[in-house]
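Subject: Handover of a structure for your review

Dear colleague,

Please find the structure below for your own work. My notes on it follow directly after.

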Amino acid sequence: MKTRGFVLISLAGLVAAGGLSSGGYFWSVGHVRRWTGNPTLGFVSCTHCHGNDLSKTAWARPRPHHPAPAGLAVSPDGRRLYVALDDVDEVVEADAESLAILRRTAVAGGPFGLALDRSGRRLFVACRHQDRVAQLDLETFREVDSLFVGVEPVALAFTETPEGERLIVANSGSGDAAVLSLSPLKEVARPGTGREPFGVAVSPDGRHAWVMSRLAEPDLARGGASAHPAEAGFAHLFLPAAAELTHLSPAGGRVLRRVPLESAHLSEDLAFVPARGWVLAPLVKVRNLVPITQVANGWVMSSGLAVADLQGHVTQVPLDEANDYFADPAGLAVDAAGRRAYVASGGSDVITVVDLDRLAAWLEQADDATRREAIRDLSLSTEYVVARIPTGRNPRHLALSPDGRRLYVSVRLEDQVWAVDTERLTVVGKLVLGDGGDSDPIRRGERVFTKAAHTFQRQFSCRSCHPDGHVDGLAYDFDGDGIGDNLLDNRTLRGIDRTPPFKWNGKNPSLQVQCGPRFARVLMRTDPIPPAELEDLVRFLNSLPPARPRHFTELNKPLSPAAERGRQLFFATHRPDGTPIPIERQCQTCHRPPLFTNRLKTAVGTRGPRDLTDEFDTPHLLGVAASAPYLHDGRARTLEELWTTYQTNDLHGVSSYWSKHQLNDLIEYLKTL
Amino acid sequence: MKPRDLSPWLTVALAVTTLQAAETTPAAFKDIPFPVIERFENFGKAEGIPTEKVHAVYKTTDGRLWLGTWNGLCVRREDGRFHRYGPEDGLSHKMVLQIVEDPQTGDLWIATMRGLTRLSGGRFTVYTQTNSGLPNNVVYGVDVREGRVWVATAAGAGSFNPKTGEWKIYDHNNTVMHEPWCYAIKATPDKVFIGVWGGGIIEHDPRRGTFKEYRDPDRDFHYDLVPDDGPINDITSWLSWEDGVLWQCTYFGFARYEGRGWKTWVEEKTPLLSNFTQFVWPHRRVAWIGMDRGVSVTDGETWVNYEVGPKGEGLRTLYRPGQPPEVQTMPTALANCFVLGIYVDDEEAWFATSNGLSRGVFAPYPRPATVARARP
């Protein structure tokens with residue numbers, strides 16, 4: 001009797017549980033369908049919309065910090081070497097000969113770029129994470145002055161002009177250059193530059209300064225009227241992008257010339273060669289408008305050097321060889337006589353040595369057509385590349401001693417600075433700053449991320465398209481449906497923890513799949529990244545915080561009135577006249593905080609003439625203002641264009657009732673995410 | 001004679017020459033407290049200006065002369081000919097209405113009939129109502145102060161902070177502006193003045209976020225019933241500000257505001273050449289007023305008008321306080337009597353007209369012209 005009762009109760013319980021489960025299942029499916037407006041959607045986890053907490057993301061959690069060297073500077077007498085350690089907020093002074101550390105000082109805010117004054121008494125530091133420039137007195141090795149500049153200053157240069165001393169600061173996050181006067185630090189002007197300025201150079205006479213942008217933008221002037229931004233369409237997507245070399249007058253910050261570098265991007269350094277009247281910039285020649293899968297043909301990207309004269313004439317020459325590439329050129333150093341240039345390949349762990357005499361001779365005899373095509377001829381590098389010096393993992397910044405006999409290399413992912421004898425081209429010493437972080441999976445993952453050896457002939461690394469894990473601002477051609485079709489905007493990798501699936505079609509459920517064997521076969525054309533390294537890579541990617549579009553001084557402050565109005569618009573459930581906004585068309589439904597994505601595919605009317613589907617993955621909006629262009633094919637170059645030129649009849653949020661005031665307010669809010 | 005014996009004579013000769021140089025102002029203009037144009041040099045299609053209608057003329061701090069025309073932006077080359085930039089070069093629209101320079105960066109900001117354009121280092125960047133926070137594509141006026149860009153558009157005024165990318169709109173929804181049709185804007189060290197077509201003048205204090213409206217107190221469109229009581233009319237066709245003095249152009253007269261009180265002029269009762277005032281360029285507290293019948297120049301007391309006579313001759317009329325007008329015939333005339341834009345510095349004056357460009361060559365006068373500046 002007892003057994004029978006137990007069975008009956010159990011059966012009843014099972015039926016009840018099944019009923020509850022079924023009911024729950026159907027309720028949840030209905031709930032999701034009701035909220036998304038998608039009648040075909042099946043069961044999805046509650047965590048798509050609920051239970052998310054930014055503090056639980058990998059990028060919000062504490063992580064190990066490493067004394068990775070960034071900017072370098074050598075004192076005018078050649079006796080001291082200064083090293084910026086952005087990850088541990090320190091600047092180190094070392095003996096340039098023995099490489100022994102002499103002094104350390106704390107400099108808050110991610111000290112990244114360094115510049116010395118002419119006397120060697122003051123060291124200026126670009127503090128990337130606090131948007132400021134700090135001045136160190138080198139007698140006391142203490143910070144004595146500081147000035148907030150633009151967003152994310154990364155490089156700076158000192159010069160003396162007839163109007164006084166000047167610092168030129170590249171603000172990578174705000175796309176401008178701060179021209180500062182000294183004693184005390186004060187901003188003279190803030191001219192705009194290309195996108196993400198990263199390199200600065202000045203002429204010794206104080207008459208010229210140049211700033212090099214890291215990212216390229218469509219060169220609209222070349223596209224003519226058909227590519228005009230006021231005209232709705234897609235023509236601009238097929239224009240080659242160009243980075244910008246901005247030529248300034250350092251005294252007052254006047255813009256003298258903006259020189260486009262066609263199809264060039266990822267320039268992270270710049271040098272002026274007084275002896276030749278050249279400005280040199282390392283670059284990545286990117287070919288995003290031809291199928292990116294054609295790696296074997298060398299179509300994707302290659303490394304080069306831009307040679308610009310004072311009149312703005314530019315010749316791009318290759319640094320790669322026909323079957324061997326030297327990815328991610330970063331640091332650049334040129335000796336005082338203008339005889340040699342050194343270029344650090346951060347992806348291939350090599351310093352390329354360029355004989356500038358031989359390069360000049362080649363340029364002298366080349367006609368205009370040959371110069372124009374030079375960057376495509378990878379056999380050309382043998383004319384002027386005289387040596388390749390192997391280094392440790394991820395060489396980035398370079399500095400030369402005043403006599404040019406020693407080259408210092410920040411070997412970033414090994415926490416070391418290497419000294420190279422430039423006569424013998426051999427490594428003669430190492431400044432060991434840390435243990436390299438081998439025990440830290442995030443550090444190991446960063447090594448994978450920056451390693452070009454995972455692609456065919458070492459053509460590129462993950463970083464080549466995702467500098468600092470972010471975007472390069474380009475849409476790439478995937479040849480799934482023909483050349484020139486299916487352009488896909490490059491999405492940021494920052495702030496992506498807990499935001500699967502990945503890819504614009506939402507087909508990759510995890511980063512392991514996204515970066516896995518298929519990716520290796522299709523894009524990298526090599527063996528897949530080994531599983532252990534892949535796990536490290538995923539740890540690294542998940543550790544990347546969202547991009548920061550706001551100025552450091554504005555963080556953690558209340559929203560501005562405009563941003564607050566924009567916030568109310570973002571979370572609006574009714575129009576001003578009381579008409580309810582359908583749930584599935586409210587901003588907050590798909591871009592649900594705190595991640596600002598529900599991680600589902602949604603059709604918002606953005607299907608283009610070359611797309612195969614209506615539905616695209618909902619991207620997160622963290623740092624969205626810094627990740628232009630927008631939409632899956634990058635057709636919208638500004639946030640405004642999402643709701644003007646490319647507005648989709650209220651499918652991508654109900655925007656038809658917005659005034660221009662409200663649109664501006666919304667964008668001010670989006671800038672705060 | 002030994003060379004050293006020459007020195008006293010050379011000294012005397014130099015002194016005489018210097019004295020003569022200082023006294024080169026023609027006697028006829030000695031009591032005119034600002035430079036007087038002795039002749040006009042005219043430029044048109046023969047010099048490469050692409051169209052007869054020139055809306056704006058502006059000389060940048062590097063000395064280059066820029067034109068805004070009905071058919072593109074032009075810059076004067078060293079050989080004296082004009083080079084045109086159009087939409088095919090990146091300009092937002094061929095019809096250019098105003099040009100200003102950011103004195104710090106040297107960037108040109110260009111108001112056009114379809115958007116705002118920045119020309120910086122030879123590169124054009126376009127801001128429209130669809131790709132940016134620009135209030136409206138019809139940009140009548142633009143000004144720059146301390147890096148911040150101000151625009152007057154057909155749907156309100158706006159400001160753009162290139163450092164932050166933030167746009168703000170000022171119109172009838174959030175200010176005391178009567179209507180949003182803004183024709184002119186001028187940023188001063190602490191205020192921004194907005195000329196509203198039909199709404200008088202709006203004074204905006206950006207630091208406090210306040211707005212103050214100046215309207216014609218008599219509210220009569222055709223007559224200035226009570227002189228000097230406020231803006232002469234609510235139809236502000238242009239305005240400008242310099243050295244504490246605000247100048248207002250309307251189609252019904254001209255007005256000045258010095259912070260204490262208003263002064264108004266109409267053609268019926270004052271030397272003002274025409275009530276249809278289109279543009280004003282203040283220079284050293286002297287107003288150079290462009291209108292449909294020529295140019296009036298005044299410091300508020302003395303006037304000099306430049307007209308095109310019935311036979312196409314240049315006419316200059318001097319109005320000295322308390323004296324009868326003196327009409328003089330000039331060797332050359334303005335390219336056209338309808339003056340749409342003006343640029344004046346200590347060296348010369350330029351006039352954008354509806355049929356070409358004119359350069360006003362000053363009669364010799366003691367430079368710098370500090371007389372006018374010293375006046376109240």
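In these notes a residue counts as buried under 20% relative accessible area, as exposed over 50%, and as partly exposed in between (1.4 Å probe, protein chains only). At 7% relative accessibility, B:D143 is therefore classed as buried.

This is a predicted model, in which local features need pLDDT of at least 70 and side-chain atom pairs count only at pLDDT 80 or more, while totals for chains, interfaces and linings use all residues. Residues are numbered from 1 along each chain as its sequence is written, chains are lettered from A and ligands numbered from 1 in the order in which they are written, and side-chain values use heavy atoms, with hydrogens and water left out.

B:D143 belongs to strand β10 (residues 139-145) of chain B; helices (H or I, at least four residues) and strands (E, at least two) are DSSP runs, numbered from the N terminus. Leaving aside residues up to four places away in sequence, B:D143 is in contact (heavy atoms within 4.5 Å) with B:V100, B:R148, B:V149, B:W150, B:I185, B:K186 and B:A187. With B:A187, the side chain of B:D143 reaches the backbone nitrogen at 2.7 Å.

Interface of chains A and B

The contact involves 35 residues of chain B and 34 residues of chain A. The two chains bury about 2600 Å² between them, 44% of it on carbon and sulfur atoms; buried area is the accessible area (1.4 Å probe) that two parts lose on being put together, summed over both. B:R123, B:T130 and B:K163 supply 23% of the area that chain B buries here, more than any other three residues.

Four salt bridges cross this interface, a salt bridge being a side-chain nitrogen of Lys or Arg within 4 Å of a carboxyl oxygen of Asp or Glu. A:E244 and B:R123 form a salt bridge, with their closest N and O atoms 2.3 Å apart.

Domains of chain A

Chain A is divided into domain 1 (69-219 + 238-436) and domain 2 (445-542), with bounds from an automatic or database domain assignment. Their centres, taken over C-alpha atoms, are 26 Å apart. Domain 1 brings 41 residues to the contact and domain 2 brings 34 residues.

Between them the domains bury about 3300 Å², of which carbon and sulfur atoms give 54%. A:I292, A:T293 and A:V295 account for 18% of the area that domain 1 buries against domain 2, more than any other three residues. The domains are also joined by four salt bridges. A:R128 and A:D468 form a salt bridge, their closest N and O atoms being 2.6 Å apart.

Helix α13 of chain A

Ten of the eleven residues of helix α13 (residues 660-670) of chain A are buried, among them A:L663, A:L666 and A:I667. The buried residues pack against α10 (561-570) and α12 (639-642) of chain A, together with β13 of chain B. At the N-terminal end, A:S659 caps α13(A), with a side-chain oxygen 3.3 Å from the backbone nitrogen of A:H661.

Yours sincerely

Notes: A polar contact is a pair of N or O atoms within 3.5 Å; within protein, one must be able to donate a hydrogen and the other to accept it, and residues adjacent in sequence count only if both atoms are side-chain atoms.
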